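I set out to record what the coordinates say about cores, ring pairs and backbone exceptions. The entries are kept in the order of looking up.

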Amino acid sequence: MTEDVQKHSVHTLVFRSLKRTHDMFVSDHAKSISLDDQSHNVKMAVKLKTEYGAVLHMPVLKEGKDRVSVLPGSMQGHQSYTQPVDDPEYLITGTHAYPSGPGIALTADTKIHRNPSEGGVHSLALALPPSQARQDISRTAASVGDIHRHAGGAERSQPPSSALSLMEAGGTRNSSLMRKAPTMPKPQWHPPWKLFRVISGHLGWVRSIAVEPGNQWFVTGSADRTIKIWDLASGKLKLSLTGHISTVRGVAVSSRSPYLFSCGEDKQVKCWDLEYNKVIRHYHGHLSAVYDLDLHPTIDVLVTCSRDATARVWDIRTKANVHTLTGHTNTVATVRCQAAEPQVITGSHDSTIRLWDLIAGKTRATLTNHKKSVRTIVLHPRQYTFASGSADNIKQWMFPDGKFIQNLSGHNAIINTLAVNSDGVLVSGADNGTIHMWDWRTGYNFQRIHAAVQPGSLDSESGIFSCVFDHSESRLITAEADKTIKVYKEDDTATEESHPINWKPEILKRKRF
């Protein structure tokens, strides 16, 4: 009569197998492997040659001549490392030529050097600067045997004197190869900025700003569907332009012609002639809201970016869609143009930045370091660099290939806008109404501003949508969610004493991502 084998589920069998395996290996679990003397000797010999090769022919001074340098077995072949310590007449002292590198034998005529006279040594010590002379007097050269003893014992504690003598003798690295420790540059002092003027007049969120090339007036686009032109000196309203049927998201004033360009959430891109204050051209093609636009500085080209995940390049005069820059997988939130390559830079909600070849209409490089939407990009007016703003970080990059420079961390909010001036003041404006001022070179955050909202507005309506420096760079204009435009200027009364730099650099801050 056959017995039925009890059938277990796969789950039970797997766990039984795991238990058996565990029981088998639990006795020697976490036991270190026993040290093999031969492999340890080989390792030490290799380490001696690679790390201390440059100093194996160090001079042996008189106090060390009775010590006999013993090489490990595997290093016996390198006869050129042995020092002539047995002959008291001949000691190599550091004032003569040595082999150009480890393992290169001395020639017959330079193999033995006569010791210089005591007077010569003293005159040499006097000629050195005092700190150098002191170092040379206190220096004790480490013999090969010492180096070999210390090579494997970095973890073991050693008396400070022997550690010092090893370092002094160049035990870890030849003194001529010692690199200067990297130093973080001290940030430049910038005066703090203060609120100078609040301009109200729009009936909706103010989404965009542009200053005209002559620095006489500036233009704003708003969620109330109007474009308003303001006098820069007085802050008075000069003109209102109507025509958009939804929020105006971007404005730009041409420096090459008397034209103003605007784009909005109504998918429209308009060209206004400022002599007649009328729309003279429309650029049709975007399939969704147009979020930003920029003019090329040297050719008559307009670049717009949209929620349809494309940027489009337009010929201003003929209204032709020259290129459609595709590649982003989400809303393209910001676009910037420059005369040098790459001529077009876009930032998107897919958290990437793309540098474009304008002639071919193709991507040159894609920067994927950001983890959150990239809502703003700003180009430095003098350097070949740019910065991008996102909710995770502000990052600085080097053209032409987008080499990462550094992170500016600390503005923990959704950053909508960046602006930078020639003095190296970078301004970031965020969705929660905070403005941070940074030193461009070092990334030092020297000022934080949170201006009060317009009376009658909710506190939640404190957000910065756009900011720009005027062309004199003495005024900072911000467009805000409380329907106002705020103008800031530098505090003339501030000095380095009244507002000192409180700079505590963190080396760890400069991480890759």
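The entries below go from the whole chain to single residues.

**Basis**

I note that this is a predicted model, in which local features need pLDDT of at least 70, side-chain atom pairs count only at pLDDT 80 or more, and totals for chains, interfaces and linings use all residues. Residues are numbered from 1 along each chain as its sequence is written, and side-chain values use heavy atoms, with hydrogens and water left out.

**Whole chain**

I looked up the secondary structure and found six helices and 28 strands in the protein chain. Helices (H or I, at least four residues) and strands (E, at least two) are DSSP runs, numbered from the N terminus. Of the 513 residues, 45% count as buried. Here buried means under 20% relative accessible area, exposed over 50%, and partly exposed in between (1.4 Å probe, protein chains only). The chain exposes about 27800 Å², of which carbon and sulfur atoms supply 54%; accessible areas come from the Shrake-Rupley method with a 1.4 Å probe, and for residues only the protein chains shown count as cover. I also looked up contacts (heavy atoms within 4.5 Å). Among those between residues at least 6 apart in sequence, 49% join residues at least 24 apart.

**Nonpolar cores**

In soluble globular proteins, nonpolar side chains tend to be buried together. I used the definition of a nonpolar core as a set of buried Ala, Val, Leu, Ile, Met, Phe, Trp, Tyr and Cys residues joined through side-chain atoms within 4.5 Å. The largest one has 15 residues, and Trp193, Val427, Met437 and Leu476 have the most contacts inside it. Strand 23 (425-430), strand 24 (434-439), strand 25 (445-450) and strand 26 (464-469) each supply at least two residues of this core. Strand 26 gives the most, with three residues. I then listed the partners of Met437, leaving aside neighbours within four places in sequence; among them are Trp193, Val427, Phe446, Ile449 and Leu476. A second, separate core of 13 residues includes Val269, Tyr283, Leu295 and Leu302.

**Aromatic rings**

A pair of aromatic rings is described by the distance of the centres and the angle of the planes. Rings of Phe, Tyr and Trp (its six-membered ring) pair if their centres lie within 6.5 Å; planes under 30 degrees apart count as stacked, over 60 as edge-to-face and the rest as tilted. Phe261 and Tyr283 form a tilted pair, 6.4 Å centre to centre with 40 degrees between the planes. Phe261 lies in strand 7 (residues 259-264) and Tyr283 in the loop between strand 9 (278-282) and strand 10 (290-295), so the pair ties together parts that are 22 residues apart in sequence. Both Phe261 and Tyr283 are buried.

Phe386 and Phe399 have ring centres 4.6 Å apart and planes at 20 degrees, so this pair is stacked. Phe386 is in strand 19 (residues 385-390) and Phe399 in the loop between strand 20 (394-398) and strand 21 (403-408), so parts 13 residues apart in sequence are tied together. Phe386 counts as buried because its relative accessibility is 0%, and Phe399 because its value is 4%. I found one aromatic cluster formed by Tyr384, Phe386, Trp397, Phe399 and Phe404.

**Strand 21**

I next took Asn407, which lies in strand 21. Asn407 counts as buried, at 2% relative accessibility. Its side chain makes a polar contact with the side chain of Lys395 (2.9 Å). A polar contact is a pair of N or O atoms within 3.5 Å; within protein, one must be able to donate a hydrogen and the other to accept it, and residues adjacent in sequence count only if both atoms are side-chain atoms.

**Backbone exceptions**

Most residues other than glycine have a negative phi, and most peptide bonds are trans. I found a cis peptide bond joining Phe399 and Pro400, with omega about 0 degrees. Pro400 is in the loop between strand 20 and strand 21. Another cis peptide bond joins Glu341 and Pro342, with omega about -10 degrees.

Ala309 has a positive phi, near 70 degrees, and is found in the loop between strand 11 (301-306) and strand 12 (310-315). Glu473 has a positive phi of about 65 degrees and lies in the loop between strand 26 and strand 27 (475-480). Is each of these two buried or partly exposed? Ala309, at 14% relative accessibility, counts as buried, whereas Glu473, at 21%, counts as partly exposed.
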